[in-house]
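Look at the sequence and the model side by side.

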Amino acid sequence: MKKLIAVLAVVVSAGAFAQDNSPQQMNQMSSEMNGNGMMSKMNQMNSLTETQQKELTEMKSKQMTNHKKTMLDIKEVNIQIEKEQLAEKPNQRKINQLIDKKSKLMAQSQKDSLKFKIDVKEKFGIEMTGKMMMGDKSCKMMGKMKDMKGMKSGKMMENMKNMDSNEMKNIKNG
């Protein structure tokens, strides 16, 4: 249970830092809420056949699963970097290797996301946005996790730092 809370805290903090509240982003969200973007895209999804909708749902589910695994790998590398920095004699070479590993994971995640969007556009003629990729359940979950921002505590962070890579893999694999 403590491990689950620790992972949840990492996800919450990552979500809090990942928010983009730039004026351009706010304008895009505003136009989507007015029906200019999101509603027309939802109509495109509704115009798909039942088989196509099922296939699209499966593709989104697979993409989200792969993305979540990659994000857990990135979080694991971040924890390893922090552990190394907290060591009595930090190994700069090892820290550099971990940073390179994290960069590769992030780049691969972005490539996979773009490939997914292109595949969906080519196959179904729909441009995927972040909201459409996440689905209703994920949006609700993210909203609940944002409400938990205040739950960060020294104890949770300490538990996360004390986790080894095997524990993180166990959490990631369920």
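**A helix and its surroundings**

Asn-91 caps the N-terminal end of helix H5, with a side-chain oxygen 3.1 Å from the backbone nitrogen of Arg-93. Such a polar contact is a pair of N or O atoms within 3.5 Å; within protein, one must be able to donate a hydrogen and the other to accept it, and residues adjacent in sequence count only if both atoms are side-chain atoms. Helices (H or I, at least four residues) and strands (E, at least two) are DSSP runs, numbered from the N terminus.

This is a predicted model, in which local features need pLDDT of at least 70 and side-chain atom pairs count only at pLDDT 80 or more, while totals for chains, interfaces and linings use all residues. Residues are numbered from 1 along each chain as its sequence is written, and side-chain values use heavy atoms, with hydrogens and water left out.

The protein chain contains 8 helices and 0 strands. Read from the N terminus, its elements run α-α-α-α-α-α-α-α.

H5 itself has 33 residues. From its first C-alpha to its last it reaches 48 Å, close to the 48 Å expected at 1.5 Å a residue; the expected span is 1.5 Å times one less than the number of residues. Just after H5, Gly-125 takes a positive phi of about 75°.

Which residues of H5 are buried? They are Ile-95, Leu-98, Leu-105, Ser-109, Ser-113, Phe-116, Val-120 and Phe-124. Buried means under 20% relative accessible area, exposed over 50%, and partly exposed in between (1.4 Å probe, protein chains only). An α-helix has 3.6 residues a turn, so residues three or four places apart point the same way. Asp-100 and Asp-112 also lie in H5. Asp-100 counts as partly exposed because its relative accessibility is 46%, and Asp-112 counts as partly exposed because its value is 31%.

Now turn to helix H4, which covers residues 50–86. Asp-112 and Gln-63 are 49 residues apart in sequence and 8.1 Å apart in space, C-alpha to C-alpha. Lys-75, in H4, is 27 residues along the chain from Lys-102, and their C-alpha atoms are separated by 8.8 Å. Asp-100 and Val-77 are 23 residues apart in sequence, with 9.9 Å between their C-alpha atoms.

Is Lys-75 buried or exposed? Lys-75 is buried, because its relative accessible area is 9%. Glu-84, also in H4, is buried too, because its relative accessible area is 13%. Leaving out residues up to four places away in sequence, Glu-84 touches Lys-89, Pro-90, Asn-91, Lys-94 and Ile-95. A contact of this kind means heavy atoms within 4.5 Å. Asn-91 in that list is the residue that caps H5.

Next come the nonpolar cores. In soluble globular proteins, nonpolar side chains tend to be buried together. A nonpolar core is a set of buried Ala, Val, Leu, Ile, Met, Phe, Trp, Tyr and Cys residues joined through side-chain atoms within 4.5 Å. The largest one here has 7 residues: Leu-48, Leu-56, Phe-116, Val-120, Phe-124, Ile-126 and Met-128. H5, residues 92–124, gives the most to this core, with 3 residues. Apart from it lies another core, of 6 residues, including Ile-74, Val-77, Ile-95 and Leu-98.

Leu-56 and Val-120 are 64 residues apart in sequence, yet 7.6 Å apart in space, C-alpha to C-alpha. Leu-48 touches Gln-53, Leu-56, Phe-124 and Ile-126, not counting residues up to four places away in sequence.

For the protein chain overall, buried residues make up 26% of the 174 residues. Among contacts between residues at least 6 apart in sequence, 76% join residues at least 24 apart. The chain exposes about 12,100 Å², of which carbon and sulfur atoms supply 53%; accessible areas come from the Shrake-Rupley method with a 1.4 Å probe, and for residues, only the protein chains shown count as cover.

Last comes confidence. The chain averages a pLDDT of 74, and 48% of the residues score at least 70; pLDDT is the predictor's confidence in each residue, from 0 to 100. Over residues 136–140 the pLDDT is below 50, and this stretch has 3 contacts in the model beyond near neighbours in sequence. Over residues 146–153 the pLDDT is also below 50, with 9 such contacts. Where pLDDT is low, the predicted coordinates should not be read in detail.
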